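Hi,

Here is the structure I promised to pass on to you. Have a look first, and then read on for what I found in it.

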Amino acid sequence: MTDFPPDTVFSLPDADPQPGLILDRDAALLKASRSAIELVSSAGLESAVDLLPVNTQALLHSSLQQNRAIENVESRIPGHILLWTLIPDHTSNQVLLRGRDATEEVRTREQAVQSNRLYRLITENTTDLISRHAPDGRFIDATPASWRLLGYWPEELRGKPLEEVFRGDHVVEQLVEARNRLRDDGYATMTLEILHRDGSKRWFEIASRAIRETYTGAVVEVISVSRDITARVESEENNRRLADELAHAARLATLGELASSIAHEMNQPLATIVNFASASQRYLKNAQSNPECLDRVDDGLQKIVHHANRASEVIKRLRAFLRKGQKRTAPISVNDVVGNVARLCQWEADKNRVRIRERLCDAAPVITADPVLLEQVLINLIRNGIEATVESRQTGSTDQGGPAELTLTTCINDRNETLIEVTDQGAGLGEQEIRQMFQPFYTSKPQGLGLGLSMSRSIIEGFGGFLDARPAKTGGLTLTCRFPASTHKNKTATTEISRND
């Protein structure tokens with residue numbers, strides 16, 4: 001392999017670390033450098049010619065015919081990428097091929113090309129808007145998604161301030177807050193309602209990252225990814241609207257079920273008013289002969305006013321209960337809500353010979369909730385408790401010696417959480433049934449839908465609380481509405497009120 005013709009016009013120094021070859025115009029090998037021979041051996045090739053590209057013969061002819069060098073001709077052998085330069089000698093019809101190992105260089109370039117191709121593929125086809133911004137918010141560049149999301153082509157956005165593109169209520173304040181977070185934390189997210197260029201409203205979710213100067217730490221650029229979440233926001237709004245409709249329908253259904261109780265509450269004060277009005281008329285007729293009758297008339301009128309106010313309160317409670325609209329959360333007295341609900345359910349309890357006993361916390365706990373929705377939950381729990389108690393007495397599964405009781409308890413536990421508990425004297429439920437009772441459409445009632453307890457739990461969770469159940473010491477069931485810790489002192493003393501037949 002080292003016996004080559006001596007009459008070559010080119011020399012190949014043995015000290016040259018890069019491979020070199022001398023070929024004639026027919027691609028016959030005239031001489032190979034030491035480094036070329038070593039490369040043939042390490043790569044497991046048969047001949048030094050195998051180091052060259054497959055079209056070497058054509059390249060040799062072109063180089064000799066045109067009498068010019070041809071550079072950067074690539075060849076690939078196991079483990080190496082070589083770049084060859086062909087230098088012709090027209091008089092001898094010989095060509096010097098000088099190689100250079102460019103493995104790392106070519107692979108790095110290929111990776112860069114591949115990464116650039118992937119980056120362009122992502123940026124040109126992503127549905128999210130990727131944008132670059134100066135520290136003051138002006139657009140430096142943006143992906144083509146800007147046309148669909150904002151109504152601007154990337155070329156139009158360059159140099160525009162965010163405030164000019166993202167128009168909407170409170171947008172400026174949110175952008176200022178985001179810049180402050182980028183400056184302090186290096187990262188910021190925000191949700192904006194903006195106006196598209198065509199005037200339509202859009203919801204955007206934007207995540208931004210600050211690029212800092214290495215030595216000073218100053219923000220030099222901001223990269224943002226903006227996503228159109230309009231469909232998701234509208235879907236959530238529709239779900240909330242549907243939930244409000246379902247809650248209102250449930251209140252109407254509850255009103256129908258409580259019709260006898262409501263009629264009783266209204267009938268009692270109205271009948272009393274009629275009785276006192278009739279008595280007052282009789283006393284007035286005798287007032288001239290017996291002046292003491294005027295005192296009776298005055299007393300009767302006071303009682304008429306009292307019972308008229310009571311009827312008015314019932315109507316107000318019903319109107320509030322049936323109110324339709326967005327939730328109105330506010331600080332409310334738990335004891336007051338429990339008392340109102342107990343009065344609403346009193347006639348149904350009396351009809352079923354169930355005594356409602358209120359054990360109210362002396363600390364008078366206050367929670368933040370919608371009083372109407374909370375009343376709806378408690379009415380549902382009380383009516384379930386009454387039904388369970390009545391069913392238990394009918395089947396003889398509980399002692400019928402004394403009057404049946406339903407206990408409403410308010411307290412603050414050792415974790416400073418406010419609890420409202422409804423305890424019945426029914427037959428109770430097993431562990432498996434307790435796990436299932438809050439699942440939608442699960443019910444043990446022949447005519448039930450199985451939505452009451454599921455909706456009740458959702459309402460309580462909407463106030464940051466939780467609704468759960470456990471077996472009661474009385475043998476029945478205790479349903480507990482648990483609300484987050486408040487600032488009120490932990491007092492466990494209670495005041496007991498019984499509502500009897």
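Helix H11 passes helix H13 in a right-handed crossing (right-handed if the near helix is turned clockwise from the far one by less than a right angle, left-handed if anticlockwise). Before the rest, a word on the source: this is a predicted model, where local features need pLDDT of at least 70 and side-chain atom pairs count only at pLDDT 80 or more, while totals for chains, interfaces and linings use all residues. Residues are numbered from 1 along each chain as its sequence is written, and side-chain values use heavy atoms, with hydrogens and water left out.

Helices (H or I, at least four residues) and strands (E, at least two) are DSSP runs, numbered from the N terminus. H11 covers residues 334–344 and H13 residues 371–395, and they pack at an angle of about 50° with their axes 10 Å apart. The axes are lines fitted to C-alpha atoms, for helices over the stretch in contact, and angles run from 0 to 180 degrees between N-to-C directions. The two helices are therefore oblique to each other (under 35 degrees is roughly parallel, over 145 roughly antiparallel, 65 to 115 roughly perpendicular, and the rest oblique). On the H11 side, Val337, Val338, Asn340, Val341 and Leu344 meet Leu374, Glu375, Leu378, Ile379 and Ile382 of H13; contact means heavy atoms within 4.5 Å.

H13 is mostly covered, with 19 of its 25 residues buried (buried is under 20% relative accessible area, exposed over 50%, partly exposed in between; 1.4 Å probe, protein chains only). Ile386 belongs to this helix and is buried at a relative accessible area of 1%. Leaving aside residues up to four places away in sequence, Ile386 touches Ala349, Asn352, Val354 and Leu406.

Spanning residues 171–185, H7 reaches 20 Å from its first C-alpha to its last, close to the 21 Å expected at 1.5 Å a residue (1.5 Å times one less than the number of residues). Val171, Leu175, Ala178 and Leu182 are buried in H7. They lie on the same side of H7 because they cover an arc of only 60° around the axis, taken from the directions from the helix axis to the C-beta atoms. Glu173 and Asp184, on the other side, are exposed. The cover over the buried residues includes helix H6 and strands S8, S9 and S10. After H7 comes Gly186, with a positive phi near 85°.

Best wishes
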